Amino acid sequence: MSYNASDSLPHPLPAVTLDDVRGAQKMLSGVARLTSMAHSHHLSRLLSTPVHLKCENLQRTGSFKLRGAYVRIAGLRPEERAAGVVAASAGNHAQGVALASSLLGVRSTVFMPVGAPLPKVAATREYGAQVRLHGQVVDETLAAAQEYARETGAVFIHPFDHPDIVAGQGTLGLEILEQCPEVRTLVVGIGGGGLAAGVAVAVKAVRPDVRVIGVQAEGAAAYPPSLAAGRPVPLPHPAVTMADGIKVGRPGDVPFALVRDLVDEVRTVSEDALASALLLCLERAKMVVEPAGASPVAALLSEPDAFEGPVVALLSGGNVDPLLMQRVLTRGMAAAGRYLSLRLRLTDRPGALASILGVLSVADANVLDVSHVRTDPRLGLTEAEVELHLETKGPEHCAEVEAVLREAGYTVIG
């Protein structure tokens, strides 16, 4: 699905300029890494045009968030620095603020949800922040951080809705143009909009011919209805998505105006596409990427004929919880036809299970797990049920495995 930003109403001038982004780039010299640009042979074959991956997942703290956080905190007045800073985040922004504050000698407090992944909590503490766990969802955590700012005078560092944040993230756009000057299409994930807005400011000012496309998870996409309304509007009920890094209920005012003016199109992608993209990044590019960071690749996989090349897909982050990674990879394998789960009804007799395994061996399917049920009330006296989890070679092989089982006389029930 997509929405053309050019369909919206007339707009005011952008609040962030190319000069702001260039100033941020100078400020970040020696702080943020110049992350690599990797050519993807697999995606290039799929799209029939050169595709490159901007590997910001290899940035310090594992995401682009350090860029904006450092520029924002570095721009504080001395009395503001003395009061310290506070932020609210479930992960990437927390780590970016923590490290930026430590580098600048500023005291930081970061509020994180009670259920935040332990590796992200530990990393935030290791980067120097005082971590306070509060609330079950990010909105509750955000409210607690803002209350703390009012009570203590600490400066609240917003994850995306501030010109300095946008300018810092925009430095990625300048890097992309330097590393891939022939780029024609740039694809970037969108949450609150700070990254997409900053990148678009830089790219459109230097190369207005480059098409900038934003990507959101389809169940938590706040930008399409906001662009249609011509103003930021809250998303009433955002769905749960594995791409929590781009799940934002309302676009920021500052980035919205820039996205509306400068981003050519906003697309949405499914959960299966996100899972497949994460699997592809791991297998083909040897890159650990979080689902939000893989959203541009998901867009390329979903409609490979829709992008004029050369294409750059921005991998914005690599901070993924290992347990989530395990679940997402399983889903990605299933979406790619590499993982098959099914149940069989069979006659309960000695050797029945061994016979099934023999059939699967002939079908060249690798058995990962077997569950053999003989006492379920739904079963007849002479029946048993087997649940199988198989590693397969693709959709055609899945169909072949099911066909072989049916030909052998087994009832496949799901």
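Q: Let's start with the second largest pocket: how much space lies in it?
A: In this predicted model, the second largest pocket holds about 190 Å³ of space.

Q: And which residues line the second largest pocket?
A: The lining is made up of His-42, Ser-276, Leu-279, Leu-280, Glu-283, Arg-284, Leu-301, Ala-336 and Arg-338. By type, these lining residues divide into four nonpolar, two polar and three charged.

Q: Which helix gives the largest share of that lining?
A: That is helix α12, spanning residues 271-283, which supplies four residues to the lining of the second largest pocket.

Q: Moving on to helix α13, is it mostly covered or mostly uncovered?
A: Helix α13, which runs over residues 295-302, is mostly covered, since six of its eight residues are buried. The buried ones are Ser-295, Pro-296, Val-297, Ala-298, Ala-299 and Leu-300.

Q: What joins Gly-309 and Pro-310?
A: Gly-309 and Pro-310 are joined by a cis peptide bond, with omega at about -5°. As for where to look, Pro-310 sits in the loop between α13 and β11, the latter covering 311-315.

Q: Different topic: how are packed helices described in general?
A: A pair of packed helices is described by the angle between the two axes, together with the distance between those axes.

Q: OK, at what angle do α3 and α5 pack?
A: Helix α3 (residues 65-74) and helix α5 (residues 92-104) pack at about 45°, and their axes are 8 Å apart. The two helices α3 and α5 are therefore oblique to each other, and α3 passes α5 in a right-handed crossing.

Q: What about α1 and α9, at what angle do they pack?
A: Helix α1 (residues 18-27) packs against helix α9 (residues 194-206) at an angle of about 115°, with 9 Å between the axes. That makes α1 and α9 roughly perpendicular to each other, and their crossing is left-handed.

Q: Is Thr-61 buried or exposed?
A: Thr-61 is buried, because its relative accessible area is 6%, and the buried class takes in values under 20%.

Q: What is phi near in Asp-364?
A: Asp-364, another residue other than glycine, has a positive phi near 65°. Asp-364 belongs to the loop between α15 (352-362) and β13 (366-373), and with a relative accessibility of 46% it counts as partly exposed.

Q: Where is the place of Glu-182?
A: Glu-182 lies in the loop between α8 (163-179) and β8 (185-189), and it counts as partly exposed at 41% relative accessibility.

Q: How many residues apart in sequence are Glu-182 and Val-210?
A: Glu-182 and Val-210 are 28 residues apart in sequence, while their C-alpha atoms are 9.3 Å apart in space.

Q: Last one: in which strand does Val-131 lie?
A: Val-131 lies in strand β6, made of residues 130-133, and Val-131 is buried, with a relative accessible area of 11%.

Q: What separation is there between the C-alpha atoms of Val-131 and Ala-336?
A: Those C-alpha atoms are separated by 39 Å, and along the chain Val-131 and Ala-336 are 205 residues apart. Ala-336 is one of the residues that line the second largest pocket.

Definitions and conventions. Residues numbered from 1 in each chain as written. Predicted model: local features only at pLDDT ≥ 70, side-chain atom pairs only at ≥ 80, totals over all residues. Heavy atoms only, no water. 1 Å grid on protein atoms, 1.4 Å probe; cavity = no way out; pocket = protein on both sides within 12 Å on 5 of 7 lines; lining within 4 Å. Points joined across faces, edges and corners; volume = space filled by probe spheres on them. Nonpolar A, V, L, I, M, F, W, Y, C, P; charged D, E, K, R; others polar. Buried < 20%, exposed > 50% of the residue type's maximum accessible area, 1.4 Å probe, protein only. Axes fitted to C-alpha atoms, helices over the stretch in contact; angles between N-to-C directions. Parallel < 35°, antiparallel > 145°, perpendicular 65-115°, else oblique. Left-handed = near helix turned anticlockwise from the far one by under 90°.
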